[in-house]
Amino acid sequence: MINFNGNMVAQDENILTQNRAFLYGDGVFETLKIVNNKILFLEDHYFRLMASMRVVRMEIPMNFTMEYFEEEVLKVIRENKFSAAARARITVFRNDGGLYLPKTNDVSFLIHATTLESDLYGLNKAYYEVDLYKDFYVTKQLLSSIKTTNKLINVTGSIFAHENGLDNCILLNDTKNVVEVLQGNLFMVVGKKLSTPPVSEGCLNGVMRKQILALAKKVEGIEVVEEIISPFDLQKADELFLTNVITGIQPISKYRKKEFTSNLAHLLVQKLNESISEN
């Protein structure tokens with residue numbers, strides 16, 4: 001028997017008692033955008049998931065091909081009748097057994113989805129204010145670059161943002177340099193230069209980050225670099241924006257007392273939608 005919220009119930013009635021993703025954060029995940037029954041950036045998501053599983057020493061099932069991955073996600077979309085656009089998450093976790101040392105490296109997965117209002121990427125013109133989150137720091141290590149089910153920094157940072165009337169927070173690493181924001185990667189425009197922190201600084205190796213870097217390199221007159229960014233650098237920027245697969249690009253209106261334009265963000269959203277239509 002176990003105690004669940006004050007009620008004594010049989011242990012086998014609650015699957016969380018042995019679930020390693022719940023007990024130890026022993027899981028990795030991908031968040032996907034599906035438009036008209038097509039997973040956007042499928043190959044990038046698939047290979048990042050495979051790389052994440054290898055990093056944490058999970059056994060990759062022989063049948064877990066990209067085609068299998070795609071079909072299992074779309075099966076959920078079709079069953080829920082999400083026709084135009086949807087958000088899906090696939091969580092892969094090590095099977096039950098063991099304490100810190102697992103009894104097996106075999107895995108199970110869970111896929112769930114919700115509908116989205118818009119299929120193409122738009123530019124949210126609402127006022128969007130951010131500030132630094134300094135209660136906890138991201139470590140500069142390989143685990144920080146993959147999506148694991150341990151996201152307590154993002155959770156506590158989101159609570160901090162809500163309590164302080166902010167739309168998002170900027171995370172720092174253990175050398176006090178900029179890493180990313182709570183829900184994605186961060187880009188900075190100074191003059192004709194677009195920069196973003198390198199993955200070695202501890203930021204997520206974002207799928208949308210990769211798309212934006214590639215698209216920006218095709219914009220005439222724009223220098224694109226991955227370089228260390230300090231909090232002080234942000235106040236010298238002309239433009240700041242964040243990226244993730246669901247939102248696309250979200251311009252930042254204000255950081256502390258500095259307000260920003262969104263000219264390059266507008267252009268990149270157009271190019272992002274064009275690239276999706278072409279594919």
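**Entry 1: H5 against H7**

I began with a helix pair: Met208, Ile212, Leu215 and Ala216 in H5 meet Leu268, Lys271, Leu272 and Ser275 in H7. I counted a contact when heavy atoms lie within 4.5 Å. By class, the residues of this H5 and H7 contact are six nonpolar, one polar and one charged. My classes were Ala, Val, Leu, Ile, Met, Phe, Trp, Tyr, Cys and Pro as nonpolar, Asp, Glu, Lys and Arg as charged, and the others, Gly among them, as polar.

A note on what I am looking at: this is a predicted model, where local features need pLDDT of at least 70, side-chain atom pairs count only at pLDDT 80 or more, and totals for chains, interfaces and linings use all residues. Residues are numbered from 1 along each chain as its sequence is written, and side-chain values use heavy atoms, with hydrogens and water left out.

Next I looked up the geometry. The axes of H5 (residues 207-216) and H7 (residues 263-278) come within 10 Å and cross at roughly 105°. That makes H5 roughly perpendicular to H7 (under 35 degrees is roughly parallel, over 145 roughly antiparallel, 65 to 115 roughly perpendicular, the rest oblique). Axes are lines fitted to C-alpha atoms, for helices over the stretch in contact, with angles from 0 to 180 degrees between N-to-C directions. Helices (H or I, at least four residues) and strands (E, at least two) are DSSP runs, numbered from the N terminus.

**Entry 2: H2 against H3**

I then checked H2 and H3 (residues 66-79), which pack at an angle of about 110° with axes 10 Å apart. H2 and H3 are therefore roughly perpendicular too. Leu42, Glu43, Tyr46 and Leu49 in H2 meet Met66, Phe69 and Glu70 in H3. That contact has five nonpolar, no polar and two charged residues.

**Entry 3: a salt bridge**

I searched the whole structure and got 11 salt bridges (a side-chain nitrogen of Lys or Arg within 4 Å of a carboxyl oxygen of Asp or Glu). One I looked up is Glu30 with Arg48, with the closest N and O atoms 2.8 Å apart. Glu30 sits in strand E3 and Arg48 in helix H2, so this pair links distant parts of the chain, 18 residues apart.

**Entry 4: pockets**

The largest pocket has a volume of about 620 Å³. Its lining has 30 residues, with Phe29, Thr31, Arg87, Lys147 and Gln183 nearest the centre. I sorted that lining into 11 nonpolar, 13 polar and six charged residues. My pocket is, on a 1 Å grid over the protein atoms alone, an open set of points where a 1.4 Å probe fits, with protein on both sides within 12 Å along at least five of seven lines; lining residues have an atom within 4 Å of a point.

Notes: Points joined across faces, edges and corners; volume = space filled by probe spheres on them.
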